[in-house]
Each structure stands twice: as structure tokens, then as C-alpha cells.
Amino acid sequence: MTIEFSAAADLWLESRCYQTPSALHGWLTGYLASGARLKAADWLLEAQEYLELEETPEAPLQTFLQTFYDDVLLGLSGESMEFSVLLPADEDADIDEQVECLAQWSKGFLDGFGASGQIQGKVPEDVLEVLQDLDAFSQASLDDPQDPQNEMLYLELAEHARVAALTVFYGMNKTAPAPKTLH
């Protein structure tokens, strides 16, 4: 991923966004994972609405959001499986904030998946399982912020969320088989 949480968070603060970069990243990931795509103008409108911006985003945020869209789609669809969940690094946030951002990402994913309008009929079983996991992650919090196991558990949940996003993407974005050629 080329987008860094800290750079996004700074721009969000300057632009007075009411959702975190993690929440919007989750929303877009869920939307794209469902198989839906957005034209640039439609994406900007969706992002503006999700971020609860009162006015059209200014040029720096618009440019950033377009890169954001392209980066998420490339990460999900790339063969290298380099997709990552946009979360704050250890040096940018304590474990409480990291877990909160993971919960916001997970809720955003479910919001975007649902907003896509792509769900018609039965959802594949493996996709349904990971959606249920993400629903549980969306309610994550720490019982004891001082527990030394928190960091390890957080990293495991973040990796699980990453794999969950890829599972949904591959499950919902199957390409049609190539037509058979008669010889």
C-alpha cells in the first residue's frame, strides 16, 4: 500500500473529516470487494458523504482520494496479495487507538459491502463467515490496555481482517471462464 495512515490522518484533520482514514479505507475495501466499482466523480461523492464533509473536498483531498481508490483496488486485485488494512503504526498510536481503528475499518468494510447493492441471492459460505468475523471485529475493544498480549492479539486480528478482505474480494469478483475454443 502506498498510502500511509499518518499522512492520511493529517489530511483528514486539515479537511475536517468526521470519519477516520481506517473507516473510509474499510468502506472502500468492502465496496470493491463486493464486485462494485465507482467512476471518479461518484467515488468523490461517496467519500464526501461517508467522511461527513459539508462541502466538496478541496483539491489536495480530491487528489488524495483518487489515489486512495486506485491504491485499494490495485491492492485487492493484484496477484502479489500485498493488500493491507490502513491502520496506524505503533509509533503513531497506542494499542487502544489501533484497536479502535481496526474496529472502525471492520465496520466501514461492512457498510461499504452493504452499500454496493451487489448482494443478490446467496452469499458464498466462505464470504459469509468472514463477514461475520468482521462484524465481531467491528465491536472490538480492550478489556485491559496494560495486558502484554494486546499487541500480539491486535496483529493477529489485523492480519485476519486483511485475509478476510481478500477472501471476500476473490469470492465476489470471480472472472467468467474463458469460452472454449473448438478446433
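## Overall fold

Read from the N terminus, the elements of the protein follow the order α-α-α-α-α-α-α, where helices are DSSP runs of H or I with at least four residues and strands are runs of E with at least two, numbered from the N terminus. The radius of gyration, taken over C-alpha atoms, is 17 Å and lies close to the 16 Å that the globule rule gives for 183 residues, so the protein is as compact as a globular protein of that length; the rule is 2.2 Å times the number of residues to the power 0.38.

This is a predicted model, in which local features need pLDDT of at least 70 and side-chain atom pairs count only at pLDDT 80 or more, while totals for chains, interfaces and linings use all residues. Residues are numbered from 1 along each chain as its sequence is written, and side-chain values use heavy atoms, with hydrogens and water left out.

| Property | Value |
|---|---|
| Helices | 7 |
| Strands | 0 |
| C-alpha span along the principal axes | about 65 × 40 × 30 Å |
| Buried residues (under 20% relative accessible area) | 43% of the 183 residues |

## A negative patch

A negative surface patch includes Glu 4, Asp 10, Glu 14, Asp 90 and Glu 100 among its residues; patch residues have over 30% relative accessible area and no salt bridge, and like charges are joined within 9 Å. Helix 1 (5–15) and helix 5 (95–115) each supply at least two residues of this patch, and helix 5 gives the most, with 3 residues. Glu 100 is placed in helix 5.

How values were computed:
Patch = residues over 30% accessible without salt bridge, like charges linked within 9 Å, V, L, I, M, F, W, Y side chains within 5 Å. Areas by Shrake-Rupley, 256 points an atom, 1.4 Å probe, with all protein chains shown as cover. Salt bridge = Lys/Arg side-chain N within 4 Å of Asp/Glu carboxyl O. Lys, Arg positive; Asp, Glu negative; His and termini not counted. Charge placed at Lys NZ, Arg CZ, Asp CG, Glu CD. Buried < 20%, exposed > 50% of the residue type's maximum accessible area, 1.4 Å probe, protein only.
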